[in-house]
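Here are some notes on the structure shown below. Please read them with the model open beside you.

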Amino acid sequence: MNHPLTPVTATETDTLQVRLRATTYEASNILGFELVPLDATTNLPAFTAGAHIELHLPGGMRRSYSLLNDPQETHRYCIGVNLDAHSRGGSRYMHEQLRTGTVLTIGTPRNLFAMDESSPFNVIIAGGIGITPILSMIARSQTLGTPWRLHYVARTREHAGFLSLLDSYQCQPASEVLLRFDQEPGGQMLDMNTVIEELPANAHVYACGPAPMLAAYEKATAELPPERVHREYFAAQQAAATDGSYTVTLARSQRTLTIAPGQTLLEGLLAIGAEPTFSCQQGVCGTCEVRVMEGTPDHRDMVLSDTEKAANDRMMVCCSGALSPWLVLDL
Ligand code: FES
């Protein structure tokens, strides 16, 4: 649903305030949250399929969540949150304390998982809560008239969120939803090689899910043209760089610090009172990207492509370190 009204203006820091209008139970451990403008006569900033927003939560916590609703909608942002058994506080707060009606500060949408809209066919693979960015991609595929096929894997049907929304999309032509519940009696793992072997000609393929699924995906798609292969991680794949023993010069503030062994670059920056923007601290959201002016980063993130990493002109300071004895950063 599109509201042709005045867009909400984001502040200089690209944040805005929204109200939690509704919380819905979607599946075991998964809640849906609907965020709306404070002023119902305004629209929210537009987003593209695959985008995420960052929520500013109490205690300085910031958490990024994919937008799952149709990008044509400008009257709301919808997200889904899985209660993480290893929650550092974000998902637990969202599930147990956040009340309907609360006003939240959020960042404007960013997209690190954009679709290629020239694709003749989209094959989409989702595992668990990885379904959330995929839902907006399906909505967009429907709008574009691009045929699509979804492989959606969850432990059991009770753990699979947003099935009724998927049902509504499946009513439309050129769509196919293939569900797999691998922990139900007789359930089987998704055979990633078969999924990739059966891709229609020139199809683009998208995946979001847990690490083992994405590892199988990377392997199965290794021979495909990279421009047809898209993925988004929601957890770190590599440990943060903590070898330390390098010097960092902050060009803008004219300060120099030494990162000690056992310390991450982010920890070193915070220790001297620098204020880099960060969120996930796991190298998956892109919030902490900083321009590298000199030196060679030790890239550990899942945001930059191999080509972007090879350029060595930017880095994620939450998890990456240095291969050279020094770095000069645009901070
Ligand atoms: S804070 Fe998310 S990538 Fe660094």
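1. This is a predicted model. A place to begin is strand β5, residues 52-56, which pairs with β6 in the antiparallel sense over five bridges. One of the partners can be named: H52 is bridged to S66 in β6.

2. What do β5 and β6 form, and how many residues lie between them? They form a hairpin, with five residues between the two strands. G59 sits in the turn and has a positive phi of about 75°.

3. Next, the protein as a whole. There are seven helices and 20 strands. The radius of gyration is 21 Å, close to the 20 Å that the globule rule gives for 331 residues, so the protein is as compact as a globular protein of that length. Along the principal axes, the C-alpha atoms fill a box of roughly 60 × 50 × 40 Å. Of the 331 residues, 51% are buried.

4. Rolling a probe the size of a water molecule over the atoms shows where empty space is left. The largest pocket has a volume of about 1400 Å³. Its lining has 50 residues, and those closest to the pocket centre are N82, D84, I129, G130 and F234.

5. Which element supplies the largest share of the lining of the largest pocket? That is β6, with five residues; β6 is also the strand that pairs with β5. At least two lining residues come from each of β6 (62-66), β7 (77-82), α1 (90-96), α2 (131-144), β10 (148-154) and α5 (211-220). Sorted by class, the lining of the largest pocket holds 24 nonpolar, 19 polar and seven charged residues.

6. The second largest pocket contains about 760 Å³ of space. It is lined by 25 residues, and V229, H230, R231, S305 and D306 lie nearest its centre. By class, this lining has 12 nonpolar, three polar and 10 charged residues.

7. Where does the lining of the second largest pocket come from? Domain 2 (122-232) and domain 3 (246-329) each give at least three residues to it. Among the helices and strands, β13 (229-232) and α7 (306-311) each supply at least two residues. β13 gives the most, with four residues.

8. To check these points on the model, start at the hairpin of β5 and β6.

Definitions and conventions: Residues numbered from 1 in each chain as written. Predicted model: local features only at pLDDT ≥ 70, side-chain atom pairs only at ≥ 80, totals over all residues. Heavy atoms only, no water. 1 Å grid on protein atoms, 1.4 Å probe; cavity = no way out; pocket = protein on both sides within 12 Å on 5 of 7 lines; lining within 4 Å. Points joined across faces, edges and corners; volume = space filled by probe spheres on them. Nonpolar A, V, L, I, M, F, W, Y, C, P; charged D, E, K, R; others polar. Domains from an automatic or database assignment. Pairing = 2+ DSSP bridges. Rg over C-alpha atoms; globule rule 2.2 N^0.38 Å. Buried < 20%, exposed > 50% of the residue type's maximum accessible area, 1.4 Å probe, protein only.
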